Amino acid sequence: MKVGIDLIHFATSDYALGLDTFAEEKGTDVNKYHIGIGQEQMSIAPPDEDIVTLSAKAAAPIINQIDRNDITAVLFATESGVDQSKSAGAFLHGLLKLSNRCRVVEFKHACYAGTAALQMATTMVKANPKETILVIAADIAKYDVDSSGEATQGCGAVAMLVKAEPRILAIEPGSGYYTDDVMDFWRPNKRTTALVDGKYSTKVYLNSLKQAWEHFVEETGRHFEDFDAFCYHIPFSRMTEKAHKTLVKKVGAKLSSDTFREQTAPGQVYNRVVGNSYSASLFIGFCSFLDNAIQDLTGKRFGFFSYGSGCVAEFFSGIIQPGYQQHLMTESHRQQIESRQPLDYQQYLAFYHQTDSDVENITFPHNNKGPFRLAGIENHIRRYESGIQPA
Ligand code: COA
């Protein structure tokens with residue numbers, strides 16, 4: 001029995017800050033961003049957008065294609081959780097009017113948790129093929145103003161329907177993994193922004209890739225030549241190049257620059273303009289690859305490298321299924337990106353500071369243009385609004 005991703009859709013916010021605007025404000029050469037880190041824009045969430053509303057926007061087009069009562073579990077991965085106790089998936093469950101006969105749980109480990117949730121979902125489906133699981137990876141990447149990470153913010157959510165006989169990607173058994181207790185990126189309780197040792201984090205990322213790959217080869221017997229395409233965790237799109245160069249060097253492959261690009265470039269198109277979305281970024285990269293590849297990907301083997309600072313990494317693989325093109329939501333992805341409203345630096349700062357609100361009661365101005373929004377907080381209770389009527 002094949003198990004994997006049956007449908008996949010991502011959502012991002014309605015606003016974006018151009019790195020040209022950012023460079024002008026900071027007095028930096030814009031090529032540091034456009035070329036040096038490979039980023040052009042970052043999606044910015046207004047105060048009435050959070051990981052719950054983003055994930056509802058990501059999941060709704062999937063739920064609309066199935067019977068929502070079929071969902072047996074929601075596995076929600078995030079670094080930017082909205083409550084220390086209640087799972088963000090429970091808020092999502094309410095917004096999407098899912099069945100009460102459903103389990104919901106939140107997964108956390110920096111940018112890695114989406115992969116943990118996906119692997120858990122495939123295992124659950126293998127144990128019981130009747131399961132239909134909604135996996136969510138959603139994050140708002142936020143660093144201190146004027147820190148090295150400020151240019152690598154962004155936000156996004158990916159929803160994946162995981163089931164037997166999937167229509168898009170069959171995930172193959174076996175993976176390689178690597179964990180080490182390091183402090184390259186972390187966010188102590190009560191902080192809304194991450195602390196990061198940026199240069200160190202890229203070194204740990206690349207070492208983790210080599211270690212996870214070695215384990216993957218030992219576990220599966222598959223080799224670099226068995227792969228057609230690679231999706232990497234993308235904190236900034238230039239990281240994909242650094243990662244792929246590292247892997248190519250490690251395995252001693254001789255690739256032309258065209259082959260190097262074919263194996264990685266389609267996966268960077270969206271991330272270049274969405275920015276970092278932590279746990280979602282690997283899967284937005286996968287959406288980007290599916291939507292932007294020129295050739296037919298049917299039967300192609302993809303390698304996925306997931307990295308979460310702190311650190312946990314995993315390399316796994318999957319095969320693209322026949323007819324996958326009919327199930328992509330390319331138009332929705334492109335339309336969301338293209339219709340974002342550009343912000344100037346002061347407007348970005350206003351959103352940035354309002355989303356820091358850690359107060360008992362607040363009503364948010366209406367900036368979110370999507371079908372779901374965070375209206376405010378009343379006596380510490382988050383109040384969401386939805387355009388979706390009960391089924
Ligand atoms: N034109 C072209 N390239 C330029 C440039 C210019 N005018 N100015 C700088 N660059 C290049 C640098 O040479 C460097 O390239 P390299 O990575 O090949 O050495 C790159 O742009 C970044 O410049 P740098 O001075 O190193 O930037 P920085 O000190 O602001 O740090 C990060 C960059 C990625 C470390 C920083 O953005 C960060 O901390 N990000 C958050 C953490 C993160 O994303 N970690 C990744 C692992 S999860």
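**A pocket and its lining**

Guide: By class, the lining of the second largest pocket has 14 nonpolar, 12 polar and 6 charged residues. Here Ala, Val, Leu, Ile, Met, Phe, Trp, Tyr, Cys and Pro count as nonpolar, Asp, Glu, Lys and Arg as charged, and the others, Gly among them, as polar. Bear in mind that this is a predicted model, where local features need pLDDT of at least 70, side-chain atom pairs count only at pLDDT 80 or more, and totals for chains, interfaces and linings use all residues. Residues are numbered from 1 along each chain as its sequence is written, and side-chain values use heavy atoms, with hydrogens and water left out.

Visitor: How do you know what confidence the chain has?

Guide: pLDDT is the predictor's confidence in each residue, from 0 to 100. The chain averages 97, and 99% of the residues score at least 70.

Visitor: What makes a residue part of the lining of this pocket?

Guide: On a 1 Å grid over the protein atoms alone, a pocket is an open set of points where a 1.4 Å probe fits, with protein on both sides within 12 Å along at least five of seven lines; lining residues have an atom within 4 Å of a point. For the second largest pocket, 32 residues pass, and I37, S148, T152, G198 and F236 lie nearest its centre. Helix α6 (198–220) gives the largest share, 5 residues. Helices are DSSP runs (H or I, at least four residues), as strands are (E, at least two), numbered from the N terminus.

Visitor: Which residues does UniProt annotate as "active site"?

Guide: The unreviewed entry lists E79, C111 and H233. They span 155 residues in sequence, yet no two of their C-alpha atoms are more than 14.4 Å apart, so they gather at one spot. Of these residues, C111 and H233 are in the lining of the second largest pocket. Such annotations may be inferred rather than shown by experiment.

Visitor: Why is C111 called buried?

Guide: Buried means under 20% relative accessible area (1.4 Å probe, protein chains only), with exposed over 50% and partly exposed in between. C111 has 10%, so the label is buried. C111 sits in the loop between β5 (103–107) and α5 (113–127).

Visitor: And why does H233 get the label buried?

Guide: With a relative accessible area of 3%, H233 is under the cut-off, so H233 counts as buried.

Visitor: How do you know which residues H233 touches?

Guide: Contact means heavy atoms within 4.5 Å. Not counting residues up to four places away in sequence, H233 touches C111, Y205, N276, Y278, S281, L282, F305 and Y307.
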